[in-house]
Structure formats: structure tokens, C-alpha cells
Amino acid sequence: MAVFNNDTVGDRLLQANNITEFLRVMEPSGFDDMGAHGGGHHSIGGDMQNLFISPQDPIFMLHHAMIDRIWGIWQQQDPPNRRNALNGTTIIYDPPDAPLVTLDTVMEFGVLDSTRKVGEVMHPMDYEYCYRYS
């Protein structure tokens, strides 16, 4: 895990000037590219490597809590330009013919939750969310 998630990687994430730079470190869009997010899953191994069953591994919540924390800290460094920063498509690995994500893109959570628009989950203090990182 240290290759994908260490102090240098954390510094690069927090020093990113825009969403493109941030995602280049957090979650590159190529099938063979591994960033801090995917690298965490694959470094832990086992169930964490499986897209469909990784949430069953207790470490999943800790890993994603840290991803959310880094995202929240990065956003807070420049809220007007980062709070609603988007980049990418609605399909994994961002194929060129896929629709771009917008704040109105609807996300489906199946039995876990009701559908939500991307814009509803971008700020940790809006809607029913109420958490902050210092």
C-alpha cells in the first residue's frame, strides 16, 4: 500500500491545483492505471480487489473515509473553485463516447439509498450530511 498511499501521495493530492490534477493521483482513468483509491483496494487484496464485494470487507469503510477526508480537505482549500469540481464521464475508465458527469447526473444506490444527483453529495455540510475535516 505504501507505493500508492504514503505522505508523498497525500501531499500531491492536496497540492493539486484543479480536479484534473487531483484525479490523476487519486483515480487515473485508464484500465491499467492505479491511483491512491484503486491502489488502496489492490494493496489490501482479498475481497477489497473485487468491485462488487469490496464493501463487505470492514477495511472498505476506513479506506473510503480517508478518501472522503482527503477530498474534503482539498475542496476546503479553495471552495469556490473546488466545491463542485467535476471531471470525467458516467462510465468507469471514461471512454470517449460516454456522457460527461454533471451536477445533475443521477446516481443510483439500489437498496442502500434513494437516487441522488451528484450535486447533492458534493458538500459535506449540505442536505442531510453534517461532517467536517480539520
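Mentor: Let's start at Tyr93, which is partly exposed, with a relative accessible area of 39%; partly exposed covers the range between buried, under 20% relative accessible area, and exposed, over 50%, using a 1.4 Å probe and protein chains only. This is a predicted model, in which local features need pLDDT of at least 70, side-chain atom pairs count only at pLDDT 80 or more, and totals for chains, interfaces and linings use all residues. Residues are numbered from 1 along each chain as its sequence is written, and side-chain values use heavy atoms, with hydrogens and water left out.

Look at the backbone of Tyr93: its phi is positive, near 70°, in a residue other than glycine. Asp94 also has a positive phi, near 50°, and it too is not a glycine. Helices here are DSSP runs of H or I with at least four residues, strands are runs of E with at least two, and both are numbered from the N terminus.

Now step back to the whole chain. It has five helices and two strands, in the order α-α-α-α-α-β-β along the sequence. The radius of gyration is 15 Å, close to the 14 Å that the globule rule gives for 134 residues, so the chain is as compact as a globular protein of that length; the radius is taken over C-alpha atoms, and the rule is 2.2 Å times the number of residues to the power 0.38. Buried residues account for 30% of the 134.

After helix 3 comes Gly45, with a positive phi near 80°.

Finally, UniProt, in an unreviewed entry, places "domain: Tyrosinase copper-binding" at residues 57-68. That span is 83% helix and 0% strand, and its end C-alpha atoms lie 18 Å apart.

Definitions and conventions. UniProt positions are given in the numbering used here, feature names are shortened, and annotations may be inferred rather than shown by experiment.
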